[in-house]
Structure formats: C-alpha cells, structure tokens
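Please open the model in your viewer and keep the sequence panel beside it. The tour below goes from stop to stop, saying at each one what to select and what is there.

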Amino acid sequence: MPELPEVETIANGLHKRVAGDRIESVWVGAKPEPLKSPATEISRVLEGARVQRVRRVGKHIVFDLESPGKQDESQWIVHLGMTGRMLVCSPEVETPKHTHLVAKLGSGRELRFVDPRRFGRLEVRSGSFRGPGAEPLQVTTQEFSEMFHPSKAPIKAALLNQKFLHGVGNIYADEALFRAGIRPRRRANSLTRAELGKLHQGLKKVLQAAIAAGGSSISDYVDADGEAGFFQIQHRVYGREDKPCLKCKTAIRKIVVAGRGTHYCPGCQK
Ligand SMILES: [Zn+2]
C-alpha cells in the first residue's frame, strides 16, 4: 500500500507531466467500487477543466482544477488504495485490464486510473480539500508534542490515527519510533517532551529520505511503460523480524499494536 512518501512522489510526478493540460473528455468504467462520486458528476467536473496543480494531501492525490466560466475551484481527489496507479501515456499504449477511468488530455496524451483490487477511490469536490488531521511535514515540534502528549494510546497507535497526523502509515511509524529510540507500546502520555521532539525529528527524517529516494523511480508509477511496484528505502526495523539490528545487533522483534504488525529493536528502543 503506498504511504505518504510514495503518494508525494506520485503527485509530484503527475504535476510535472499534466499541470497546465486540459481534460477534454472522460471515460468512466462500470465498476462501482472506485467511484466515491457518481460517474456523471466526475465527468461533469473533469471535462473541460484545466489541471492547475497536482499535490499530495495526506495519502490523497489532489488535482486542483480550473474550469472556464466557473467561479468555484473544484478538485479531483484520487486515493490509490492498495493497488491503484495513475498512468500518463499516449493513446496507442494498450489500455490495461482494470482501468476504471481514462481522461483524454489536450496534449494528446491520456491519464488513466488502473486498480486491480479496487480499494482506490475517485472523488470530485468543490472548495479546498484539506483532509482530517495535520500534515506531518508541516507541524512544528511544539504542535506535534501538544497533539500527542494528552493521548493515552500506545504511541504507535497514536501515530497511525489519521485524526492527529494524516498520511503516516505502518512502515514509517515503525521506522520513526526506531530512530527516536521509543518502544511502540509506550503510552503517548508517558513520553517526555524531549522524546516527543526526537520522534517528530525521526518521523520527518524518514519521510523526507523516502521522498528523496522516490524521485528516481517515479516512472514506475506514472509512465505506462514502467512496471508496477514501489521503491523501498532500506528499512531499519520494518519487515526485519529476527534479523540483527543494524545498530546494536539485537534481534528485531515483531509484535502487534493497534492490530498492525509492529517491528522494534529491544536493544535500541526504551
Ligand atoms: Zn538496536
């Protein structure tokens, strides 16, 4: 499942490819699951609109649209779910199975939404979409501490709670806790200011490193000739159960917190 860094990479890649382009016509498939807004509404909003900007909000890709003769801004919001992909390609490229939307662009190319497992969602809205919670890369350490300090939940669960921060998923929560030296089951309200500060820094670092690593593999997501698949930065704890910690050689342990597989080093994390 794409997490914040992947979605940011994809949104930036789409921005480079389609910002300024106009959507001329839209084909929407018959499968109902991917459509959070009715098909007719999606077509009505997208057709004739110019893509001003593509950006990430939480784990959503947001297309800011400008429509001739319409005062209100509207937005096309795409959630990739587990297996969703947005492809930009020429119309000659064969349309893959599980394509749920094709937007023909003024530049002659097509923008396609492909999703085999159909957990992805397409939605249109007017006004400015902000999503719940705060952006992890934008909150200050002060705000971060104030957000988590009152919570009695295990810190890992609190990090995953989208009401606090949006876009932080399982992998980066584990990696951030490792960098901060904090065990995932600790209650958020048991963390000192200093620990919360370290956690905030750790989270920002791991997200930024992943975004930087993603830049080189962007073609895998948005160019139709690329293969599906997500890049990975070297994880320090996630997916490394029973392997020696890269820092202290203690075996990485896997437990379940908030219903999610959680990895930590008993040596480095207190
Ligand atoms: Zn360790």
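A residue is called buried here when its relative accessible area is under 20%, exposed when that area is over 50%, and partly exposed in between, with a 1.4 Å probe and protein chains only. The model is a predicted one, in which local features need pLDDT of at least 70 and side-chain atom pairs count only at pLDDT 80 or more, while totals for chains, interfaces and linings use all residues. Residues are numbered from 1 along each chain as its sequence is written, and side-chain values use heavy atoms, with hydrogens and water left out.

**The zinc site**

Select the zinc ion together with Cys245, Cys248, Cys265 and Cys268, whose SG atoms coordinate the ion at 2.2 to 2.4 Å; donors are N, O and S atoms within 2.8 Å of the metal (3.2 Å for Na, K and Ca), and sites may look incomplete because water is not among the atoms. The 4 donor atoms subtend angles of 98 to 117 degrees around the zinc ion, which makes the arrangement tetrahedral, a term that requires all angles of four donors to lie between 85 and 135 degrees. Along the sequence, the donor residues follow the spacing C-x2-C-x16-C-x2-C. Both Cys245 and Cys268 are buried.

**The phenylalanine cluster**

Next, select Phe144, Phe148 and Phe164, which ring pairs link into a cluster; rings of Phe, Tyr and Trp (its six-membered ring) pair if their centres lie within 6.5 Å, and planes under 30 degrees apart count as stacked, over 60 as edge-to-face and the rest as tilted. The ring centres of Phe144 and Phe148 are 4.8 Å apart with their planes at 55 degrees, so this pair is tilted. Phe144 is buried, with a relative accessible area of 0%, and Phe148 is likewise buried, at 0%.

**A lysine over a ring**

Now select Lys247 and Phe178: Lys247 lies over the face of the Phe178 ring, at 5.5 Å from the ring centre, where the criterion is that NZ of Lys or CZ of Arg is within 6 Å of the ring centre and within 35 degrees of the ring normal.

Move to residues 50-57 and 60-66, strands β2 and β3, which pair in the antiparallel sense over 7 bridges; strands pair if DSSP finds at least two bridges between them, and helices (H or I, at least four residues) and strands (E, at least two) are DSSP runs numbered from the N terminus. Val57 has His60 in β3 as its bridge partner. Finally, select Asn12 in helix α1 (residues 4-18), where Asn12 is partly exposed, with a relative accessible area of 34%.

Terms used:
Four donors count as tetrahedral if all angles lie between 85 and 135 degrees; four count as square planar and six as octahedral if opposite donors are over 155 degrees apart and all others between 65 and 115; anything else is irregular.
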